[in-house]
Structures are given as structure tokens and as C-alpha cells.
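I set out to record the fold, the packing and a few individual residues of this protein. My entries follow the order in which I looked things up.

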Amino acid sequence: MQFQWFTNAHPEHYGKPIAINPNHVLAVFEVEREREGAQETVTILFGGPQGSWEVQESSTEAVPRLNQN
């Protein structure tokens, strides 16, 4: 198992590093949301029953990183 580092986008942990096991990610998609009065794009790493993670990296950056072994 090799973890990949991302930048957390969850409001309670915004900007902090987060290590994610790529083997638990089932889907990757982007959503738009409001943060401090402005729109931002957040990438969701969906892990099914394991939960999901919100990261600041774009989906085009996140997917290749998740595919590294």
C-alpha cells in the first residue's frame, strides 16, 4: 500500500495535508461550491463505504497521482 499526499479541501481541515490510499478510491469528480463568498472547485475522491475525501487538487492532477504505483 502506498499513500498519496493531497491538500485537504474540507472546511474543517482546509489547506492541511492528507494522505489517501489510492486503493480505496472508486471515483473522482469535481464540484463547485461557495467558500468565503467566492466559488471554488473541489475534487471529490469517492471511496464508497470508506467515505470520501475533498481535495484542492484538480481531477486532472489527482487521477494521475492516484494511478502512480
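I read the order of elements along the sequence as β-β-β-β-β-α. In total I noted one helix and five strands, where helices (H or I, at least four residues) and strands (E, at least two) are DSSP runs numbered from the N terminus. The radius of gyration is 12 Å, close to the 11 Å that the globule rule gives for 69 residues, so the protein is as compact as a globular protein of that length. That radius is taken over C-alpha atoms, and the rule is 2.2 Å times the number of residues to the power 0.38.

I noted that this is a predicted model, in which local features need pLDDT of at least 70, side-chain atom pairs count only at pLDDT 80 or more, and totals for chains, interfaces and linings use all residues. Residues are numbered from 1 along each chain as its sequence is written, and side-chain values use heavy atoms, with hydrogens and water left out.

Next I took the overall extent. Along the principal axes, the C-alpha atoms fill a box of roughly 40 × 25 × 20 Å. I found that 30% of the 69 residues count as buried; buried means under 20% relative accessible area, exposed over 50%, and partly exposed in between (1.4 Å probe, protein chains only).

I then looked up the largest nonpolar core, which consists of eight residues: Phe6, Ile18, Ile20, Val25, Leu45, Val55, Ala62 and Leu66. Elements giving two or more residues to this core are β2 (17-20) and α1 (59-67). Such a core is a set of buried Ala, Val, Leu, Ile, Met, Phe, Trp, Tyr and Cys residues joined through side-chain atoms within 4.5 Å. In soluble globular proteins, nonpolar side chains tend to be buried together.

Val55 is in contact (heavy atoms within 4.5 Å) with Phe6, Thr7, Ala9, Ile18, Ile20, Val42, Thr43 and Leu45. Ala62 is in contact with Phe6, Thr43 and Leu45. Ala62 lies in helix α1 and counts as buried, at 0% relative accessibility. I found its C-alpha atom 8.1 Å from that of Val28, 34 residues away along the chain.

My last entry concerns Gln68, in the segment after α1. Is Gln68 buried or partly exposed? Gln68 is partly exposed, with a relative accessible area of 44%.

Notes: Lists of a residue's contacts leave out its neighbours within four places in sequence.
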